[in-house]
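Please look over the sequence and the structure shown here before reading the briefing. The points that follow are grouped by topic.

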Amino acid sequence: GLPLGPLQNEEGRRGLGLPNRFGLLGLMPLLKMCDADLTMLSLGTDLTSLGLNLNSSESLHKALVSPLAEVPVKSPEPEFELPACYKHIPQRLQPGFLTKFKEETLFYIFYSMPGDEAQLIAADELHCRGWMYHKRLRIWMLHVPNSIPQKSARGERGSFVVFNHAIWEAEQKADLEILYEDLEKPPRLVRSKTVQQQQQQQQQQQQQPPPPAHVQHGSLPAGSGGLPPGLQPTPVATPGAP
């Protein structure tokens, strides 16, 4: 607690009670600086007494170790510079930057980064590769190569390669009916000319003879960009919608 010596003397002369130590009369010991510890706690410490030159043009941290130190630092600490690699500002993710990524990576970005800009760019890249997103089922699907779906005004029925994110596998489902209103519209993000040229060159290099009409284990559906072995479509016969 606060020292009572000087304050008790004041209260004794005036006949005041103890609660006055927290009133205006309690400031009298501070103003008279009767107690050194109380004065330092309330008014602070003169920085010049710690050996600091307040008129110096250099930084004070070079000579001050701690406010509790009685003597200044003898040898200044070495100066450290931040490496240039920490000052590098990475380039912002742009549409088309994910053209070299595999479908498994694009699916991971889409499902693990909801509401992020990377999710939108990954969805745009999947749409460019022929994938469609089903809003109600929350799955991505792709037409089976060389299959001819039965189209109508409201939707279509046919065979699709469906990516099941619950088990992280691609499955082939036959005789599946989808409605156009359940499909998400493609983002169609604007891509730079450089990215478009690189994508066109990549597509030309990846052109291969068309696969057979049925998708076999180990084969890649056209337009998928090359699914890894863990995402090869597994044929699953479905008489109707899942």
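Leu27 lies in the loop between α1 (5-14) and α2 (28-32), where helices (H or I, at least four residues) and strands (E, at least two) are DSSP runs numbered from the N terminus. At 43% relative accessibility, Leu27 counts as partly exposed; buried means under 20% relative accessible area, exposed over 50%, and partly exposed in between (1.4 Å probe, protein chains only). This is a predicted model, in which local features need pLDDT of at least 70 and side-chain atom pairs count only at pLDDT 80 or more, whereas totals for chains, interfaces and linings use all residues. Residues are numbered from 1 along each chain as its sequence is written, and side-chain values use heavy atoms, with hydrogens and water left out.

**Nonpolar patch**

- Together with Leu24 and Leu31, Leu27 forms a nonpolar patch on the surface, with about 370 Å² of accessible area for the three together.
- Patches are made of residues with over 30% relative accessible area and no salt bridge, like charges being joined within 9 Å and nonpolar side chains (Val, Leu, Ile, Met, Phe, Trp, Tyr) within 5 Å; the areas come from the Shrake-Rupley method with a 1.4 Å probe, and for residues only the protein chains shown count as cover.

**Overall chain**

- The protein chain has six helices and six strands, which follow the pattern α-α-α-α-α-β-β-β-β-β-α-β along the sequence.
- Of its 242 residues, 29% count as buried, and the accessible surface of the protein chain comes to about 16,900 Å², of which 56% belongs to carbon and sulfur atoms.
- Among contacts (heavy atoms within 4.5 Å) with a separation of 6 or more, 51% are between residues 24 or more positions apart.

**Salt bridges**

- The count comes to six salt bridges, each defined as a side-chain nitrogen of Lys or Arg within 4 Å of a carboxyl oxygen of Asp or Glu.
- Asp182 forms a salt bridge with Arg136, the closest N and O atoms being 3.7 Å apart. Asp182 lies in the loop between β5 and α6 and Arg136 in the loop between β1 and β2, so the pair ties together parts that are 46 residues apart in sequence.
- Asp182 is buried at 13% relative accessibility, whereas Arg136 is exposed at 54%; leaving aside residues up to four places away in sequence, Asp182 touches Tyr133, His134, Lys135 and Arg136.
- Glu177 forms a salt bridge with Arg157, with the closest N and O atoms 2.6 Å apart. Because Glu177 lies in strand β5 and Arg157 in strand β4, this pair ties together parts that are 20 residues apart in sequence.
- Asp175 also forms a salt bridge with Arg157, at 3.1 Å between the closest N and O atoms, and this pair links strand β5 to strand β4 (residues 155-164) across 18 residues.

**Positive phi values**

- Most residues other than glycine have a negative phi.
- Arg138, although not a glycine, has a positive phi of about 55 degrees; Arg138 is placed in the loop between β1 (132-134) and β2 (139-143) and is exposed at 57% relative accessibility.
- Arg188 likewise has a positive phi, near 55 degrees, and sits in the loop between β5 and α6, where Arg188 is exposed with a relative accessible area of 68%.

**Cysteines**

- The count of disulfides (pairs of cysteine sulfur atoms within 2.5 Å) comes to zero.
- Cys85 is exposed, with a relative accessible area of 58%, whereas Cys128 is partly exposed at 43%.
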